[in-house]
Every structure is written in structure tokens, then in C-alpha cells.
Amino acid sequence: MFPGSIVSTSRRFSSWIVRRRTWSPSTFLLTILAVAVGAASRVGLDVAGATLSYTPFFPSVLFATLLGGVPAAVFAAWLSAAVVLIGFTDRPGNAEAVNLVAFLGAAALIIWLANLCREALLELKRNEHARELLLGELRHRVNNQLALFKSIVRSSLAGEDSDKGEAIALRLDAVARANTLAWSDQRITTLRLLLEAELQPYRASGAVTVEGTDVPLSPETVRNLALVFHELATNAVKYGALSDGGRLDVHLTQDAGYSAVTWRELTRHAVAPPQREGFGTRMIRASLAAIGGSIEQEYHDSGLSCRIRFEAEA
């Protein structure tokens with residue numbers, strides 16, 4: 001299995017254990033079922049000629065420990081011993097007593113070790129829940145702070161500077177949306193999903209295409225690339241292909257340990273390069289630098305073409 005699958009499976013398993021951490025009728029019935037499976041295994045071994053008195057019941061004890069803790073495990077060990085003595089032993093003697101003591105000793109060791117693992121899983125689950133609560137509170141506070149900053153910017157840059165204030169407020173909106181994309185329950189974890197989310201408002205007309213090899217993204221990469229793509233899309237709406245009925249083609253590739261995005265605008269008018277590097281361009285370069293990336297921009301008569309490269313996720 002892939003590492004991501006192992007992590008996902010362990011999380012589901014720990015959640016399953018948490019839901020059954022108390023002694024309940026369902027735990028009782030599942031423990032009996034586990035012992036019954038051990039008894040069936042013992043019957044099969046007897047038919048095959050093996051002489052393993054208690055060995056088939058060790059998995060039942062382990063399962064019961066992980067399922068219901070020590071009470072369920074003790075019950076499973078007692079029930080297993082009773083099944084062997086009543087169902088598989090004709091005349092108990094010294095040898096059978098030795099086997100019973102050995103089984104109980106080994107079962108006690110299994111219970112101890114398995115219960116340690118179970119408690120560790122429960123503690124990890126509790127810590128994960130606490131982190132999720134903390135992250136939710138942090139997200140709430142950050143978005144509230146951004147909303148406050150937007151209000152301050154708009155009120156401070158009113159009148160003749162209202163356009164500047166609105167531009168800054170829109171960029172703060174992009175920061176808030178980037179945080180939401182990275183921290184939401186339905187997390188965006190690939191480059192294609194991020195691009196589709198950012199370009200969704202402009203795709204209805206069929207003027208935007210996204211093609212190529214998809215790649216996974218970390219939350220930090222999502223936040224930084226969301227700012228980059230928002231700035232590029234905003235410029236395309238104001239000055240580029242999305243302002244005059246043109247087209248925007250986005251192509252995703254992999255290049256020597258880097259992920260690459262080719263952003264090509266096809267406009268109906270010539271696009272002149274800016275006279276100076278504005279705040280938006282500086283923000284794009286800073287966001288890409290934070291994830292080991294870069295951008296190359298070229299202005300043609302047919303529109304803007306740029307190539308974005310950033311380090312591929314491990």
C-alpha cells in the first residue's frame with residue numbers, strides 16, 4: 001500500500017476503536033464471534049492432524065483487546081480456555097494444565113502489549129481531534145482579522161484612492177480564499193482541483209481549458225499558488241484574454257523534479273508589457289519563491305504567455 005493509504009487506513013481503524021472503547025453488547029458479541037473463529041480454526045487443525053491446543057485462539061485475544069480493551073480481552077481468554085477444555089479435551093491432565101498456564105501467560109502478554117497499542121491509538125485520535133479544533137479556531141481568527149484589515153483599507157483609502165483600496169481588499173479576499181481552500185474539510189490536494197476552483201467563474205463560457213498531468217499539493221503550496229492564480233486570473237479579466245472574449249489555455253507538465261504550469265492567453269488585441277513591476281507581480285514572485293518556484297512572463301501580440309515552475313511534492 002502507498003503511504004497515504006496506510007495513513008488513511010490507520011485513521012479509520014483508530015476511529016473504529018474509539019467508537020468501541022467501552023464494554024458494550026456489540027463488543028461482547030464480536031468477542032464471542034472472534035473466539036468462535038478460533039474454535040473453527042482449531043477444528044480445522046485437528047482434522048489436519050496438528051496438535052495446537054490454544055494457538056488458534058491467540059488472534060481472538062488480540063482482536064478483543066484492540067476492540068474493547070482489557071475487559072473484553074480477559075473475557076476472550078477465559079472463553080477460549082473454556083472452549084478448549086470443554087470442547088477439545090477428553091481427560092484433563094498435567095500436560096493440559098501446563099498448556100493452559102502457558103496459554104494464559106502468553107494471553108496476558110498479548111493483552112498488555114495490545115492494550116498499550118490501543119491506548120496509543122486512542123491518544124493519537126484525541127490529539128488529532130484537539131488539533132482540528134485548534135485549526136478551526138485559528139482559521140476563524142485569521143479570516144476575522146483579514147475581514148478587519150479589508151474594512152480598514154477601504155475606509156482609509158476612500159475617495160480618490162478608492163480604486164487602490166478596492167484592489168488591496170480583493171487581494172485580501174484572495175488570501176482568505178487561499179486559506180479556506182487549504183484548510184477546508186473538502187481539502188484541495190491537487191493542482192488541477194486548485195486551478196478549476198480559481199477559474200470556475202470564467203469556465204461557463206468555454207473560454208478556459210485546463211489540461212495535463214495532475215500533481216498533489218501540500219496545504220502550504222495550495223495557499224501560495226491560490227494567490228498566484230487569483231492574480232493572473234484577475235489580470236486576464238481586466239486586461240487580457242478574459243476581457244475581450246479571448247481564450248485561456250492552461251497546461252500542466254512535470255519537468256525534472258518540478259511541476260510546471262503553462263498559462264497562455266489568446267486575446268483579440270495586442271497586450272503591452274507593463275512599464276514597471278507592480279505589487280501584483282511582486283506578490284506572485286514572492287508566493288512562488290516561498291515554495292521554491294519561479295515565473296517567466298512573455299508578452300506577445302496574441303496575449304500573455306507565462307510559465308510557472310515550482311518544486312514537485314515528495
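A nonpolar core is a set of buried Ala, Val, Leu, Ile, Met, Phe, Trp, Tyr and Cys residues joined through side-chain atoms within 4.5 Å. Buried means under 20% relative accessible area, exposed over 50%, and partly exposed in between (1.4 Å probe, protein chains only). This is a predicted model, in which local features need pLDDT of at least 70 and side-chain atom pairs count only at pLDDT 80 or more, while totals for chains, interfaces and linings use all residues. Residues are numbered from 1 along each chain as its sequence is written, and side-chain values use heavy atoms, with hydrogens and water left out.

**View 1. The protein has eight helices and five strands.** Helices (H or I, at least four residues) and strands (E, at least two) are DSSP runs, numbered from the N terminus. Their order along the sequence is α-α-α-α-α-α-β-α-β-β-α-β-β. Of the 314 residues, 35% are buried.

**View 2. The largest nonpolar core has 30 residues.** Leu-191, Leu-199, Leu-225, Phe-229, Val-250, Trp-263 and Ile-308 have the most contacts inside this core. Two or more residues each come from α6 (191-203), β1 (208-212), α7 (219-238), β2 (247-255), β3 (258-266), α8 and β5 (303-311). Helix α7 gives the largest share, eight residues.

**View 3. Leu-191 touches residues that include Leu-225 and Phe-229.** Contact means heavy atoms within 4.5 Å. Not counting residues up to four places away in sequence, Leu-191 also touches Asp-214, Val-215, Leu-217, Leu-252, Val-261 and Phe-310.

**View 4. A second, separate core has 17 residues.** Among them are Ala-39, Tyr-54, Ala-107 and Ile-111.

**View 5. Helix α8 spans residues 279-289.** Its buried residues are Gly-280, Met-283, Ile-284, Ser-287 and Leu-288. Seen down the axis of α8, these buried residues fall within an arc of 125° (taken from the directions from the helix axis to the C-beta atoms), so they line one face of the helix.

**View 6. Ser-287 lies in helix α8.** Ser-287 counts as buried because its relative accessibility is 7%. Leaving aside neighbours within four places in sequence, Ser-287 is in contact with Asn-224, Leu-227 and Val-228.

**View 7. Cys-117 is partly exposed, and Cys-306 is buried.** The relative accessibility is 47% for Cys-117 and 2% for Cys-306. The structure holds zero disulfides (pairs of cysteine sulfur atoms within 2.5 Å).
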